[in-house]
Amino acid sequence: MDIKSMKNYLYWLYCQFELITCSYLMEPWEKLLFYTFNITMLVMVLYTAYIFVSVHISTAFQFFLHLFGNQHENTVSVVK
């Protein structure tokens, strides 16, 4: 893919983003606040997903292992 066409495509995507969010109507200081807020929210959502989704997957995996027969023996029954 040509670099110039990639640059034009990225610029087109940026223009589409500005049209969808109506940020082309904002002043530069408003755009800075708007983009900073949006990027902060995106980073927080990605971080939360990275931390908590792995914990939920691990818990679900352990639950299904326990459910389908890979059960640990109860220590009380071993002592009998």
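This is a predicted model: local features need pLDDT of at least 70, side-chain atom pairs count only at pLDDT 80 or more; totals for chains, interfaces and linings use all residues.
**Helix pair.** I took helix α1 as residues 3-21 and helix α2 as residues 28-67. Their axes come within 13 Å and cross at roughly 95°.

**Contact residues.** I then listed what makes the contact: Y14, F17, E18 and T21 on the α1 side, and K31, F34 and Y35 on the α2 side. Sorted by class, the contact of α1 with α2 has four nonpolar residues, one polar residue and two charged residues.

**K31.** I next checked K31, which sits in helix α2. The side chains of K31 and E18 are joined by a polar contact of 2.8 Å. Leaving out residues up to four places away in sequence, I found K31 touching Y14, E18, S23, Y24 and M26.

**Aromatic rings.** I noted a count of four aromatic pairs. For F17 and Y35, the ring centres are 5.9 Å apart and the planes stand at 35°, so I logged the pair as tilted. This pair links distant parts of the chain, with F17 in helix α1 and Y35 in helix α2, 18 residues apart. F34 and Y35 also form a tilted pair, at 5.7 Å centre to centre and 50° between the planes. I recorded F17, F34 and Y35 as one aromatic cluster.

**Accessibility.** Are F17 and F34 buried or partly exposed? I have F17 at 35% relative accessibility, so F17 counts as partly exposed. F34 has a relative accessible area of 23% and is partly exposed.

Technical notes
Residues are numbered from 1 along each chain as its sequence is written. Side-chain values use heavy atoms; hydrogens and water are left out. Axes are lines fitted to C-alpha atoms, for helices over the stretch in contact, and angles run from 0 to 180 degrees between N-to-C directions. Helices (H or I, at least four residues) and strands (E, at least two) are DSSP runs, numbered from the N terminus. Contact means heavy atoms within 4.5 Å. Ala, Val, Leu, Ile, Met, Phe, Trp, Tyr, Cys and Pro count as nonpolar, Asp, Glu, Lys and Arg as charged, and the others, Gly among them, as polar. A polar contact is a pair of N or O atoms within 3.5 Å; within protein, one must be able to donate a hydrogen and the other to accept it, and residues adjacent in sequence count only if both atoms are side-chain atoms. Rings of Phe, Tyr and Trp (its six-membered ring) pair if their centres lie within 6.5 Å; planes under 30 degrees apart count as stacked, over 60 as edge-to-face and the rest as tilted. Buried means under 20% relative accessible area, exposed over 50%, partly exposed in between (1.4 Å probe, protein chains only).
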